[in-house]
Amino acid sequence: MAKWQRMLHYFRTCSVVEWEVWDRPTRFFHWSVTGLLVADLITGWLDPAWQLDRHLLLGGVTAGLLMFRLLWGVVGSEYNRFSHYFQSPAQVYDDARALWRGQTKSSSLALNPVNAWVSLLLLLIVFALLVTGLVAYGGEEHMGPLASLVSYSAGTYGQSLHEKLAVLLLVVVAIHIGIVRRESQLTRVSLLRSMVTGCKPMDVDQPTEQMRNANVAWAMVLGMVLMFSIDHTSKALGQLPMDGWRPLHYPVAYQEKCGHCHWTIHPSLLPEEAWQNLLSHMHDHFGHSVTLNGKEAVTITSFLLVHAAEDWNTDAAHRFRKLMPDPDQRITNHPAWQKIHLNIEAAVFDRPPVSSPINCPVCHHDALSGRFDEHAIHIPKATAASHSPLQDEIPSAPRQ
Ligand code: HEC
Ligand code: HEC
């Protein structure tokens, strides 16, 4: 056999003196969740502005797998059941001390007591990450199954907890790996290989044939009930009215008239009175004369006034709600707007692709929805000064 074939063989089959302790579903869960969590961390931390959709998708798959693991912990085959995970504190203490002093000589068939608790803790953290992620998504973005239940501030709180849990996850994973390495060294049984092949050396406490079989039928029944109830609940939740944010339908007249020269500015960015002032001076609109016929004027006016800042509970609406002293009614002259954008170089606003600070959607990819989430911000590079005008692939402000 070639060397690599021997390696493959080593990683695939149990020898005659070994048991298949970890069944296939558990191994699949272990490695796929490991991969997913790495991808979750990358998409969550490295470039949130572009990765939120992918992050959510990965989170959804992780949730599905976690649900499966919880089920399998009840009906799976012997050593994959949670009943093996709950060890008494005394046992955990003894085990930890033995590991620490290097006294562990034979590996336990199931997880050793310390690592069993660490693994449960890992599952718990992943569960908490999923919940806080949903709270953040529901509260800050007003999306997902919790959109109607979670307030904006609770969403922000969920977000900060979510980030702390992600750090905690890394710490606990490091502990988990540390214990695995230590036990592998002391017992000379590669636990890494065990988690790939499922094999561990035979021990006296071999499980009976019956215990070794998984209750697949039960898994299927419980799985169906769980899926049905989750589907039902999320549909019911989706029908509740939203708190603070709602999707907005832009009337055609607004898109065609007001979206002609700039983006269709979200009505929540100005208070009612400011919109009224602006609309009554359309004949002198920043150096342009904009004429609206009677029907257009009615549609646009009622649209903007009904959906003005007072009527939203979003971050942006709260910030820009206070009427400005400036009779010009520019959002970009609002003290709150200027304060947030203070640290951005003027050149970024003046040159393409932004060209003017009014072009919010160039940097805020969710501007059309009015959410202005901090994760949807992406500042494009100013192009005029660079040697290669092609370097920028950022599209210009979308028009609806
Ligand atoms: C003929 C072109 C044109 C049309 C049509 C037009 N606008 Fe404008 N609008 C402008 C220009 C130019 C500015 C100034 C943008 C700048 O400073 O970069 C502006 C600015 C604004 C601003 C202020 C943005 C800020 O900086 O705070 C608002 C609000 C606005 N327009 C609303 C409307 C509405 C509502 C309509 C439709 C009734 C409309 N505009 C139609 C050209 C137009
Ligand atoms: C050149 C890109 C750019 C443009 C154009 C721009 N912004 Fe921003 N905006 C940013 C950046 C970057 C931040 C984050 C600033 C920070 O946190 O220090 C920000 C932050 C914000 C925030 C706070 C978001 C949060 O949750 O922290 C709001 C609200 C906002 N902008 C509204 C607007 C509006 C309204 C417009 C258009 C009138 C606009 N911005 C135009 C780049 C831009």
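Visitor: In which helix is Ile 42 found?

Guide: Ile 42 is found in helix H2. Helices are DSSP runs of H or I with at least four residues, strands are runs of E with at least two, and both are numbered from the N terminus. Two notes on the ground rules. This is a predicted model, where local features need pLDDT of at least 70, side-chain atom pairs count only at pLDDT 80 or more, and totals for chains, interfaces and linings use all residues. Residues are numbered from 1 along each chain as its sequence is written, chains are lettered from A and ligands numbered from 1 in the order written, and side-chain values use heavy atoms, without hydrogens and water.

Visitor: Why is Ile 42 called partly exposed?

Guide: Buried means under 20% relative accessible area, exposed means over 50%, and partly exposed is in between (1.4 Å probe, protein chains only). Ile 42 has 44% relative accessibility, so it counts as partly exposed.

Visitor: Which residues form the nonpolar patch on the surface?

Guide: Val 38, Ile 42, Trp 45, Leu 46, Val 167, Leu 168, Leu 170, Val 171 and Ile 175 form it. Together they have about 810 Å² of accessible area. Helix H2 (24-45) and helix H6 (152-187) are the elements that give two or more residues. H6 gives the most, with 5 residues.

Visitor: What makes a group of residues a patch?

Guide: Patch residues have over 30% relative accessible area and no salt bridge. Nonpolar side chains (Val, Leu, Ile, Met, Phe, Trp, Tyr) are joined within 5 Å, like charges within 9 Å. The areas come from the Shrake-Rupley method with a 1.4 Å probe, and for residues only the protein chains shown count as cover. Leu 168 is a patch member with a relative accessible area of 39%, which makes it partly exposed.

Visitor: How do you know that Asp 94 and Arg 97 form a salt bridge?

Guide: A salt bridge is a side-chain nitrogen of Lys or Arg within 4 Å of a carboxyl oxygen of Asp or Glu. The side chains of Asp 94 and Arg 97 meet at 4.0 Å, N to O. The structure holds 1 salt bridge. Asp 94 and Arg 97 are 3 residues apart in helix H4 (residues 89-101), so about one helical turn separates them. Both ends are partly exposed: Asp 94 at 42%, Arg 97 at 35%.

Visitor: What are the protein donors of the iron atom of ligand 1?

Guide: They are His 262 (NE2) and His 285 (NE2), 1.9 to 2.0 Å from the iron atom. Donors are N, O and S atoms within 2.8 Å of the metal (3.2 Å for Na, K and Ca); water is not among the atoms, so sites may look incomplete. His 262 lies in the loop between helix H10 (252-258) and helix H11 (272-279), and His 285 in the loop between H11 and helix H12 (294-306), 23 residues apart. His 285 has a relative accessible area of 13%, so it is buried.

Visitor: Why is the arrangement around the iron atom of ligand 1 called octahedral?

Guide: Six donors count as octahedral if opposite donors are over 155 degrees apart and all others between 65 and 115. The 6 donor atoms here subtend angles of 88 to 179°, so the arrangement is octahedral.

Visitor: Which residues coordinate the iron atom of ligand 2?

Guide: His 341 (NE2) and His 364 (NE2) do, at 1.9 Å. With angles of 88 to 179° among its 6 donor atoms, this site is octahedral. Both His 341 and His 364 are buried.

Visitor: How does the span of helix H5 compare with the span expected?

Guide: The expected span is 1.5 Å times one less than the number of residues. H5 (residues 113-140) has 28 residues and reaches 40 Å from its first C-alpha to its last, close to the 40 Å expected. H5 is mostly covered, with 20 of its 28 residues buried.

Visitor: What makes Arg 188 stand out in its phi?

Guide: Most residues other than glycine have a negative phi. Arg 188 has a positive phi of about 55°. At 79% relative accessibility, Arg 188 counts as exposed.

Visitor: Which peptide bond is cis?

Guide: The bond from Pro 352 to Pro 353 is cis, with omega near 5°. Pro 353 is in the loop between H15 and H16.

Note on methods
Four donors count as tetrahedral if all angles lie between 85 and 135 degrees; four count as square planar and six as octahedral if opposite donors are over 155 degrees apart and all others between 65 and 115; anything else is irregular.
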